[in-house]
Amino acid sequence: MAWRAYCAIVSARFRMLLQYRAAALAGFGTQLFWGLIRAMIFEAFYRSTTAPQPMTYPEVVNYVWLGQALLMFLPWSGDREVQAMIRSGNVAYELLRPLDLYTLWFSRAVANRTAPVVLRALPLFTIAWLFFGLQLPPSLASAAAWALATFGALLLSCAVSTLITLSLFWTISGEGVAALMSVAVMLFSGMTVPLPLFPDRMQAILNFLPFRGLVDVPFRLYMGHIPPEGAFPLFAHQIAWTGVLVAVGHWLVARGARRLVVQGG
């Protein structure tokens with residue numbers, strides 16, 4: 001069955017990416033450093049104001065450390081190997097596989113988004129919990145809601161990163177699209193500043209866009225800032241946007257494959 005082939009692709013690529021332990025160690029150190037910097041910036045902000053804020057400082061600290069631990073979940077770029085295949089012309093082999101091209105590249109994205117997180121998240125969670133103020137979920141219900149929303153965030157992230165990969169049909173390099181997308185993800189997901197701290201007039205727009213499902217939704221469910229009973233509508237929002245992006249992706253594959261010119265002929 002076709003789904004077994006896609007599962008095999010995820011499994012093989014996941015195991016391959018787990019071999020990059022030195023890169024994971026370097027990434028762990030970098031994410032720990034930037035987590036400390038961001039926590040100190042927010043501490044200075046909270047100490048300099050007496051105005052009531054929509055999130056407490058401990059909640060913001062949780063938000064920061066969750067962001068650093070799960071940083072590699074975010075759709076920073078497309079698939080670098082597919083980019084190289086398009087440049088070299090070896091993408092023709094992908095087109096000849098008896099598999100759906102979009103689902104094939106989506107499966108690769110699943111491994112690309114999860115393997116680095118597996119290597120980095122647990123040690124960073126542990127260090128942040130022991131020494132830097134990361135708190136555990138207030139209840140099992142909050143933990144379960146966070147797990148559900150994190151799964152939705154993974155699907156949404158893979159849909160976004162696969163769209164970036166598909167842009168290579170038209171741009172060859174894809175760097176411009178990836179740069180624009182990374183800015184949008186950082187700003188509108190809550191990774192730069194937690195979304196509740198944005199002005200009230202922007203909240204309706206932020207709540208509609210898909211990006212909040214990548215960071216803001218799972219993190220606030222984790223800390224109980226959003227009650228666990230609110231998880232299912234938010235998960236439905238993630239799945240709805242994932243469905244839209246997947247449909248757009250299939251449409252782009254159909255158009256892009258018809259006009260693709262392989263290097264050399």
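This is a predicted model: local features need pLDDT of at least 70, side-chain atom pairs count only at pLDDT 80 or more; totals for chains, interfaces and linings use all residues.
In helix H4, which spans residues 80-88, the buried residues are Val82, Gln83, Met85 and Ile86. Viewed down the axis of H4, these buried residues fall within an arc of 160°, so they line one face of the helix. The elements that cover the buried residues of H4 include helix H5 (91-96), helix H6 (101-131), helix H7 (140-166), helix H8 (168-171) and helix H9 (175-189). After H4 comes Gly89, which has a positive phi, near 95°.

Across the whole structure, a search finds 11 aromatic pairs. In one of these, the ring centres of Phe125 and Trp146 are 6.3 Å apart and the ring planes stand at 80°, an angle that is over 60 degrees, so the pair is edge-to-face. This pair links distant parts of the chain, since Phe125 belongs to helix H6 and Trp146 to helix H7, 21 residues apart. Phe125 has a relative accessible area of 17%, and because this value is under 20% the residue counts as buried.

An edge-to-face arrangement is also found for Phe208 and Trp241, with 5.6 Å from centre to centre and 75° between the planes. Phe208 is located in helix H10 (residues 200-208) and Trp241 in helix H12 (residues 231-259), so the pair ties together parts that lie 33 residues apart in sequence. Phe208 itself counts as exposed, at 55% relative accessibility, whereas Phe125 is buried. Elsewhere among the aromatic residues, Phe45, Tyr46 and Tyr57 are linked into a cluster by ring pairs.

Conventions: Residues are numbered from 1 along each chain as its sequence is written. Side-chain values use heavy atoms; hydrogens and water are left out. Buried means under 20% relative accessible area, exposed over 50%, partly exposed in between (1.4 Å probe, protein chains only). Helices (H or I, at least four residues) and strands (E, at least two) are DSSP runs, numbered from the N terminus. The arc is that of the directions from the helix axis to the C-beta atoms. Contact means heavy atoms within 4.5 Å. Rings of Phe, Tyr and Trp (its six-membered ring) pair if their centres lie within 6.5 Å; planes under 30 degrees apart count as stacked, over 60 as edge-to-face and the rest as tilted.
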